[in-house]
Amino acid sequence: MTEALVVLCSFPDREEARRIGTHLVERQYAACINIMPAMESIYCWEGKLCCEEEFMLIIKTSRASFLGLSRELSSLHSNDEPEIIALPVVDGSHGYLSWLMDQTR
């Protein structure tokens, strides 16, 4: 197990995903952000079946930065309850993981 995390967060449009992703990297909450192209999400919300286009951010960060990153995402995101899911990075290339740690708070 490493101290690195991959965080997933979906957005209703590319502009918001890019704006918030840029903010997270500039403030060193994240080392790198990938914006996945449009995908279709199907889910229930407030008793209603929803089917919407969304954009996924794949956020590479550290455990130490996760709390701040999560707070920033929650405060900047347009959804009342944004998807913020952290997945542990079990292993990876030493050089990349060292860079990731150096880039985050």
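## Contacts along the chain

Two residues are in contact when heavy atoms of theirs lie within 4.5 Å. In this predicted model, 73% of the contacts with a separation of 6 or more are made by residues 24 or more positions apart.

## Overall architecture

The chain contains three helices and four strands. Read from the N terminus, these elements follow the order β-α-β-β-α-β-α.

A compact globule of 105 residues would have a radius of gyration near 13 Å, and the chain, at 14 Å, agrees with this. The C-alpha trace spans about 45 × 25 × 25 Å along its principal axes.

## Surface, burial and charge

Of the 105 residues, 37% count as buried. The accessible surface of the chain is about 6300 Å², and carbon and sulfur atoms contribute 53% of that area.

The charged side chains comprise 9 positive and 16 negative groups. The centres of these two sets lie 6 Å apart.

The side chain of T2 has polar atoms placed close to two backbone positions: one lies 3.1 Å from the backbone nitrogen of A4, and one lies 2.7 Å from the backbone oxygen of V89.

Terms used
Residues are numbered from 1 along each chain as its sequence is written. This is a predicted model: local features need pLDDT of at least 70, side-chain atom pairs count only at pLDDT 80 or more; totals for chains, interfaces and linings use all residues. Side-chain values use heavy atoms; hydrogens and water are left out. A polar contact is a pair of N or O atoms within 3.5 Å; within protein, one must be able to donate a hydrogen and the other to accept it, and residues adjacent in sequence count only if both atoms are side-chain atoms. Helices (H or I, at least four residues) and strands (E, at least two) are DSSP runs, numbered from the N terminus. The radius of gyration is taken over C-alpha atoms; the globule rule is 2.2 Å times the number of residues to the power 0.38. Buried means under 20% relative accessible area, exposed over 50%, partly exposed in between (1.4 Å probe, protein chains only). Accessible areas come from the Shrake-Rupley method with a 1.4 Å probe; for residues, only the protein chains shown count as cover. Lys and Arg count as positive and Asp and Glu as negative; His and the chain ends are not counted. The place of a charge is taken as NZ of Lys, CZ of Arg, CG of Asp or CD of Glu.
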